[in-house]
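Subject: Structure handover

Hello,

Here is the structure I promised to pass on. Please open it and keep it beside this note while you read.

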Amino acid sequence: TNYRLCEKTMSLAEARYRIQNLKRRYLLLRALEIILYASAGFLLVFALTGLFTVSLIWKFSLSSLIVLIVIAQQAWHYKLFSLSHTIFIQYLNSHYPQLEESADLFIQVETGLNPLQQLQLEKTLSIFNSLYPQIRLPNSLVRSFVIFVMGAIFYVGLTAFVPKPILNRK
């Protein structure tokens, strides 16, 4: 039984590590998404301000302001600074019914579990370990990439075909 307890503990530790890994992957996906949105915003505002002024200071200032606003808004929207393991456990329970709403057993203290909960934990660990490679985290990478490409096209179109700012034309 000592071997079995050690194996279960290792598996529980592995499950906790994998949940931490899911959190890192999610943050990376969302960060990439936010960078693409912010870059698109920068390009759009830089091109649009180029229609009205030649001042690089104004162009960079307004474009940088948009970048900061996009980053802050998206980080707040996705609650990136207040993520916990509990959020990932809830996501797993709601999107993977095979776990039978028992993934929360991973974050409970093992010594406080009754025998039925311990059996459920073993079953859930087994299911989670086999399910882990197929877990897909929510993201909008395709949409953010399309918006970035549209922003880049818009930027090229405005900067290539508008020779002088509108306000400075004579």
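Start at threonine 124. A polar atom of its side chain lies 2.7 Å from the backbone oxygen of glutamine 120. That is a polar contact (N or O atoms within 3.5 Å; within protein, one must be able to donate a hydrogen and the other to accept it, and residues adjacent in sequence count only if both atoms are side-chain atoms). Threonine 124 sits in helix α4. Helices (H or I, at least four residues) and strands (E, at least two) are DSSP runs, numbered from the N terminus. Threonine 124 counts as buried, because its relative accessibility is 1%. The classes are buried (under 20% relative accessible area), exposed (over 50%) and partly exposed (in between), with a 1.4 Å probe and protein chains only. Leaving aside neighbours within four places in sequence, threonine 124 is in contact with Leu99, Ser102, Ala103 and Phe106. Contact means heavy atoms within 4.5 Å.

Before the rest, the ground rules. This is a predicted model, in which local features need pLDDT of at least 70, side-chain atom pairs count only at pLDDT 80 or more, and totals for chains, interfaces and linings use all residues. Residues are numbered from 1 along each chain as its sequence is written, and side-chain values use heavy atoms, with hydrogens and water left out.

Confidence: pLDDT is the predictor's confidence in each residue, from 0 to 100. The protein chain has a mean pLDDT of 88, and 89% of its residues reach 70 or more. Confidence is lowest in α1, at a mean of 86. It is highest in helix α2 (residues 56-77), at 96. Where pLDDT is low, the predicted coordinates should not be read in detail.

Overall layout: the protein chain has five helices and zero strands. Of its 170 residues, 34% count as buried. Among contacts between residues at least 6 apart in sequence, 72% join residues at least 24 apart. The chain exposes about 10800 Å², and carbon and sulfur atoms supply 69% of that. Accessible areas come from the Shrake-Rupley method with a 1.4 Å probe; for residues, only the protein chains shown count as cover.

Now the core. A nonpolar core is a set of buried Ala, Val, Leu, Ile, Met, Phe, Trp, Tyr and Cys residues joined through side-chain atoms within 4.5 Å. The largest one has 27 residues. Leu92, Phe106, Phe128 and Ile135 have the most contacts inside it. α1, α3 and α4 each supply at least two residues of this core. α1 gives the most, with six residues. Look at phenylalanine 128 too: not counting residues up to four places away in sequence, it touches Ala15, Arg18, Ile19, Leu92, Leu99, Phe106 and Ile135.

Next, charge pairs. How many salt bridges does the count come to? Three, with a salt bridge taken as a side-chain nitrogen of Lys or Arg within 4 Å of a carboxyl oxygen of Asp or Glu.

- Arginine 18 and glutamate 14 meet at 3.0 Å, N to O. Both lie in helix α1 (residues 2-50), four residues apart, about one turn of the helix. Arginine 18 counts as buried, because its relative accessibility is 18%. Glutamate 14 is partly exposed, at 34%.
- Glutamate 33 pairs with arginine 30, the closest N and O atoms being 2.9 Å apart. They too lie in helix α1, three residues apart. Both glutamate 33 and arginine 30 are buried.
- Glutamate 100 and lysine 123 meet at 3.0 Å, N to O. This pair links distant parts of the chain, with glutamate 100 in the loop between α3 (85-95) and α4 (115-131), and lysine 123 in helix α4, 23 residues apart. Glutamate 100 is partly exposed, at 41%. Lysine 123 is partly exposed as well, at 39%.

Asparagine 93 deserves a look. It lies in helix α3. Leaving aside neighbours within four places in sequence, asparagine 93 is in contact with Leu99, Glu101, Ser102, Ala103 and Asp104.

Last, backbone angles. Lysine 79 is not a glycine, yet its phi is positive, about 55°. It is found in the loop between α2 and α3, and counts as exposed at 51% relative accessibility. Glutamate 101 also has a positive phi, near 55°. Its place is in the loop between α3 and α4, and it is exposed, with a relative accessible area of 55%.

Best wishes
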